[in-house]
Structure formats: C-alpha cells, structure tokens
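Let's read this one together, feature by feature. Bring your questions.

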Amino acid sequence: MSRRLADAPAIVASVRRFVDKEVIPAASGFEHADAYPHELVARMRELGLFGSLVPTAYGGLGLDVRTYAQVIEEICRGFMSLAGVINSHTMAALIVLHHGTEEQRRRLLPRFASGEARGGLCLTEPHAGSDVQAIRTEARRDGDRYLISGAKMFVTNGREGNTFALLALTDPGASPRHSGMSCFIVEKGAPGLEVVKSITKLGYKGVDTAELLFDRFPCSAANLVGGIEGRGFKHVLSGLETGRINIAARAVGVAQAALEEAARAATETATAALADIALRVDGARLLTSWAAGMKDRGERCDLEAGMAKLYASESSQEAAAGALRILGGRGPATAGVVERLYRDTPLMVIGEGTNEIQRTIIARNLLQRHGERLGALTSLEAEPEERRLMALAVRQLVERELGLASVEDDRADRFPAASLDRLGELGLFGAVVPPDSGGLGLDGAAVALIIEEIGRGSATVAAVLSSHLDATEAVLRLGTVEQRRRFLPALASGTLRGGTLSSLNGLRSRATRVGDDLVVSGPGLVASPGRHANLFALRAEAENGLRVVLLEAGQHGFTLVEPFWTMGRRGGDLWRVELAECLVPARQVLGGGRGLDARDLAELDGASRVREAWPRPPSRRRCATRSSAPPSACRSASTRRSSSSSPTWPRPSRCPGS
Ligand SMILES: Cc1cc2nc3c(=O)[nH]c(=O)nc-3n(C[C@H](O)[C@H](O)[C@H](O)COP(=O)(O)OP(=O)(O)OC[C@H]3O[C@@H](n4cnc5c(N)ncnc54)[C@H](O)[C@@H]3O)c2cc1C
C-alpha cells in the first residue's frame with residue numbers, strides 16, 4: 001500500500017519497525033489522554049533522532065534532508081505529535097549549526113544531538129504570527145548578558161523543552177525593522193521565565209504547546225547566535241525551508257495512514273475515492289522528496305518547499321476527510337484512528353507559515369525567481385549530465401524553432417512535418433531503441449523530460465512523436481528477436497514512422513486465427529497519425545488473450561476513411577479507420593504465438609502514460625534495464641545534424657535564464 005521511496009536508508013527501516021511495534025499500538029491512548037508520550041520520546045532519543053540533521057562530527061546522525069523527511073513520514077504514519085517533539089528541536093539545532101560560531105556549535109550541538117538539550121522555537125507572539133517582523137519581545141544588553149522580556153505563543157515543547165531559539169528585538173528603533181532583530185539560544189534555569197499555560201488543541205495532542213512569558217530573563221551574551229546583533233531574522237528564515245519540508249513530510253505520513261485505513265475499509269463502490277487519496281499521497285510524497293533533494297544539493301528551494309508544504313498539508317486534510325467518508329459511521333468513532341488523523345491535519349495547514357502565506361511565496365517566486373519563464377521552474381540540476389544536456393538541447397530547439405513553427409502549423413491545420421524532421425535529426429525517433437539497433441537507448445525518465453520540453457512548444461508534435469514511440473516500444477518489449485531486428489533500426493532512423501490505433505468507443509478489436517496468421521476487425525478506431533505513419537500498433541482480442549499486431553499503411557482491409565477533427569492538437573493527422581477482415585501475417589503479430597501477460601501490458605501502458613502526461617520523472621533513479629544514452633549514442637546523434645543552426649546536441653549552450 002505504501003509506495004515508499006525505494007532507496008530508503010537503514011535508519012528509515014529502523015524507525016518503521018519502531019512505529020509499527022511501539023508507536024501505533026500506543027498512539028491513540030496518549031492522544032485521547034493528551035498525555036506527553038515520555039516512553040516513546042525516550043525511544044526516539046535512543047534511536048538518535050534528536051540529532052537527525054546534526055553532523056556526526058557533533059554527535060548527530062548527519063542525515064540528509066531527504067532521509068530526514070522519510071523518517072518524519074514514518075513517525076507520522078503512527079503518531080504525528082511525536083514529530084513535533086523533534087521538529088522544532090531540529091530547527092533550533094540547525095540555527096546553531098548554520099549560523100552559530102564554532103564555539104557555539106561545539107558547546108551546543110552535542111547536547112542537542114543527544115537530546116540532553118530539548119529544543120524549541122520562540123518566534124510567534126500573541127499579536128505576531130504570519131508577520132514575524134511585528135514581534136515586540138526585547139533583549140537588552142546588560143554587561144555580559146541580555147535581559148529578555150516579552151511573551152511567546154504556541155511554543156511547541158515549551159513545557160518539556162529546555163533550550164529554545166528565540167527571536168527578539170535588540171534594536172527596537174531599527175529600520176528596516178528586521179535589522180534590529182537577533183536570535184538567542186535561551187536555556188531554562190534562571191528566574192524570569194514562566195510557562196504561563198499549555199494550550200489545549202483540537203488535534204496534535206500529547207505534545208505540549210505552551211505560552212511562555214519572559215520577564216528580564218537573563219541570557220548569556222555567549223548565546224547570541226553568531227555573536228553579532230541584527231542577523232536573527234535571516235537566521236530564523238533560513239531554517240524555514242527545512243521546516244516546511246518537515247511539515248510536508250508529516251502531512252505525507254498522516255495521509256499515508258489515512259490511505260491505509262481507507263484501504264482496509266473500502267468496498268467495491270468506494271474505489272474511486274480510494275484512488276483519489278492514493279493520488280494525493282503519492283503526489284505529496286514526490287513533491288516533498290523533490291524539495292528535500294534540492295535542499296540537500298544546496299539549491300534554493302523556498303518555492304519548492306512551499307509547494308510541498310502547501311500541497312501535502314491540503315492533501316493530508318483531504319485524505320483524512322476521504323478516509324472518514326469511506327469508513328462511514330465508523331469514521332468519526334473515537335475508537336478508531338481516522339478521526340485523530342482528521343483532527344491532526346489543521347496544524348500542518350497552519351504551522352511553519354500558513355498555506356495562504358505559502359501561496360504568496362509561490363506566486364512571488366514564479367514571477368521573480370532567477371528570471372526563469374513561467375512553467376520552466378523544474379530543476380534539471382539533479383539529472384545525470386547527459387540527460388540534462390539532452391533536455392536542454394531540446395528546450396533550445398523548441399524555443400528557437402518548434403514554438404514558432406507550431407503556431408503557423410496550428411493556424412494552417414498543417415501536419416508539423418518540418419518540426420518532426422528536426423527531431424529526427426536529433427535521433428529522437430530512436431529515443432527508446434537500444435544503441436545496437438541504431439537508437440539512443442534513453443530510459444523512461446529521459447524520454448519523459450524530452451517529451452515535456454517538446455510539449456511546451458507543441459502538443460501536436462509531442463503527441464505524434466509519442467505515438468511513434470508507443471509503436472516502437474510495442475516492438476521493443478513484445479517483439480521476437482527477428483521482429484526487433486526487422487523493425488527497430490527503421491523505426492529508430494524514422495524511415496518507418498510508427499502510429500497507434502485506438503478505439504473511440506471502448507470496444508476491443510477482435511482477432512481470429514487463420515493458420516499461423518490472424519484476421520483482425522475493429523469498430524470505431526482512430527489512427528494517430530493517419531497518413532504520416534506507415535506502421536501501426538493495434539491491440540486485438542484473440543481467443544487465447546490479447547495480441548498486439550503491426551499493420552502496414554495501405555494493407556488490404558485497413559482503410560483511412562476520413563479525417564477525425566478535434567478541437568485541439570490541430571494538424572495531428574488523426575483519421576477514422578475502417579478495419580474489416582484485415583489479414584495480418586504471423587510475422588506482424590508481435591511475439592509470435594505467445595500471448596501477452598498482464599505485466600507486459602502494464603509496462604507498455606505505463607511507459608505510454610508517462611509520455612502522455614509529459615511529467616517530471618517521479619524518481620531520480622535510473623531505469624534498471626536501460627541506461628541513459630551512452631556517449632557513443634550521443635555522438636551518433638550529433639552526426640545526424642544537418643543544419644549549422646541546430647542546437648548543440650548533446651552539449652547545448654546555456655539557455656536564457658536557466
Ligand atoms: C499547534 C501549533 C504549534 C505551533 N508551534 C509553534 C512554535 O513552536 N513556535 C512558534 O514560534 N510558533 C508556533 N506556532 C505558531 C504558528 O507558526 C502560527 O500560528 C502561524 O504562523 C500563524 O500565525 P497566527 O496564528 O498569528 O495567525 P495570523 O498570522 O494572524 O493569521 C490569521 C489568518 O490570516 C491569514 N493571513 C495573515 N497574513 C496574511 C497575508 N499577508 N496574506 C494572506 N493571508 C494572511 C493567515 O493565513 C490566517 O488564515 C504554532 C501554532 C500552532 C497552531
């Protein structure tokens with residue numbers, strides 16, 4: 001049920017075991033009693049989770065953010081409140097790690113990592129939440145210490161914690177206001193700090209959320225983060241990306257738990273609702289992993305962290321509500337788990353910057369960031385070099401030529417022959433064909449990236465190329481050795497142009513055996529493209545299961561009847577087909593006498609849908625069966641260039657603003 005990322009390290013497996021064995025059985029008890037889960041927190045300490053992001057040199061686990069997000073997801077699958085115990089703690093530790101002096105790192109980080117120092121964040125005040133710059137808490141210098149006065153609200157771990165990163169004004173008259181703010185590591189112990197009250201909440205129970213009152217509370221000047229006043233606002237802001245990724249991961253964990261509960265209860269009639277939840281969970285997980293990966297590579301990711309936080313938190317709320325509905329009357333029952341999941345979700349919508357604020361951040365980034373055009377914000381930085389260069393080369397071709405040509409082709413309702421020829425020069429008709437058959441041998445992720453770039457310029461060109469690749473993949477995956485040898489080189493070079501035949505009315509084409517051959521008939525078929533392809537892949541139902549056959553253009557019994565006009569994708573050359581008693585010789589039945597198994601079809605459909613969606617690849621992992629284009633394939637591709645104005649392939653110059 002869980003589609004966890006496959007490359008999870010051992011710590012994630014340890015936390016999963018801990019959650020399954022110890023957290024899940026105990027969570028509801030702690031939650032309903034709103035009791036602090038001391039035993040579970042002690043176990044997290046034993047697992048080293050208080051030092052998750054603290055480098056090993058300072059006694060921590062030194063995890064990367066992507067792994068940390070997986071750890072948090074696992075914890076929240078069991079009990080979201082537990083993540084609150086280590087999250088703001090981790091944020092405080094990160095402020096010291098990234099902005100503290102070396103003396104502060106050596107003194108404080110080992111204590112954070114061991115859990116001896118239990119951290120929290122003191123930013124919010126009764127009148128200042130989203131607008132952090134409105135804080136009023138002051139820290140006045142008094143010899144070798146500061147005296148802190150003010151009220152801090154909603155402090156997670158405020159009662160149980162002992163070491164807080166606190167934002168205060170050291171220069172209340174400064175302009176801009178944030179230049180008068182400093183960050184301190186405040187340690188409990190001296191008089192002048194009162195936990196006024198614990199705030200009872202709708203959900204996120206068990207972990208303490210407190211209001212703290214500081215009245216001339218002494219904090220050593222040695223604990224002014226970085227040792228210089230006026231930098232505190234930047235210090236706390238810099239941690240927010242990780243904080244938002246953390247909230248997103250928490251939301252994924254809660255949504256995953258909702259999915260598991262819903263799946264256990266789902267009846268045949270609730271399958272659509274279940275599918276919607278699963279879609280949300282995986283979408284949220286991928287966005288979270290994407291943002292975390294960027295953070296680990298040191299890329300700017302405020303946009304992506306904001307997207308992950310917003311999407312995942314909204315998704316967790318929808319997933320929990322969806323699970324409630326699927327469970328019917330059992331959903332709201334407090335004996336179950338789902339009502340708790342439902343109550344836990346608002347925290348993630350509100351915490352680490354409300355979702356309204358995230359929308360503002362996302363929109364502002366879309367308009368300003370790096371000067372990139374809208375819709376081109378997906379980073380290629382994590383892609384292997386060759387794949388990145390290929391995608392950029394295609395982007396260049398699209399920007400220079402395809403985009404403009406597609407406008408004219410669309411107006412004239414004209415097949416984009418010239419644009420497709422240009423793609424042919426880059427070898428893209430052979431994108432999925434192995435190099436030993438004359439292709440580029442790209443993996444699915446590389447092809448998806450390239451189709452996405454083409455689709456930005458022309459949906460029609462992307463669709464025609466996708467149809468060709470669909471037919472090619474059918475030969476590649478299902479064909480016999482002889483069929484592959486016969487068809488693949490011609491498909492790779494573009495001498496043979498592939499197309500697909502699909503049913504408009506959902507009815508299957510039928511195949512009847514005549515000796516070793518098949519006779520196929522099919523109602524309501526559309527060829528894509530029609531006149532510009534000469535080898536079509538068709539699925540037909542035979543008495544012993546599905547077959548995929550190849551039809552040649554003009555073959556007896558296979559007629560293009562009339563154009564099939566559509567609102568969009570003009571110039572796509574779609575044609576209605578009449579297929580009546582068409583004899584398909586055995587050499588054109590893919591795989592010979594072998595029936596197709598479900599896996600063959602699923603693989604074929606999966607590859608096709610990925611191209612159809614023009615997505616970002618869901619995983620950074622390379623396909624296990626085929627590698628990215630080896631240098632030799634790239635070289636052979638480059639020799640196909642005919643025009644000196646061609647974009648460099650696979651070594652493009654930087655595209656504007658990328
Ligand atoms: C359980 C819990 C734990 C928390 N833990 C901590 C903690 O450990 N440390 C800490 O410092 N804080 C913590 N917080 C505080 C949290 O970060 C704030 O609640 C949050 O930032 C929102 O601030 P606010 O409550 O003052 O709401 P407000 O900022 O007053 O917002 C109220 C509404 O107005 C909207 N709004 C405000 N400004 C804008 C704008 N510019 N544009 C559009 N809409 C806007 C908001 O989206 C929201 O819908 C916690 C909160 C909760 C509920």
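**Strands, ligand and a helix pair**

Q: Where do I start with strand 3 and strand 7, and in what sense do they pair?

A: Two strands pair if DSSP finds at least two bridges between them. Here strand 3 and strand 7 (residues 209-220) run antiparallel, with nine bridges. Strands are DSSP E runs of at least two residues, helices are H or I runs of at least four, and both are numbered from the N terminus. This is a predicted model: local features need pLDDT of at least 70, side-chain atom pairs count only at pLDDT 80 or more, and totals for chains, interfaces and linings use all residues. Residues are numbered from 1 along each chain as its sequence is written.

Q: Which residue of strand 7 is the bridge partner of glycine 150?

A: Phenylalanine 214.

Q: How many bridges join strand 2 and strand 3?

A: Five, again antiparallel, with strand 2 covering residues 138-142. Arginine 140 has leucine 147 in strand 3 as its bridge partner. Two residues lie between the strands of this hairpin, and glycine 143 takes a positive phi near 70°.

Q: How many residues surround the ligand?

A: A residue is near a molecule if its C-beta atom, placed from the backbone, lies within 6 Å of it. Here 21 residues surround the ligand, with Leu123, Gly129, Ser130, Thr354 and Glu356 the closest. Strand 1 (119-122), strand 3 (145-156), helix 10 (338-350) and helix 11 (355-368) each give two or more residues to that shell.

Q: At what angle do helix 14 and helix 15 pack?

A: Axes are lines fitted to C-alpha atoms over the stretch in contact, and angles run from 0 to 180 degrees between N-to-C directions. Helix 14 (residues 444-457) and helix 15 (residues 459-478) pack at about 150°, their axes 6 Å apart.
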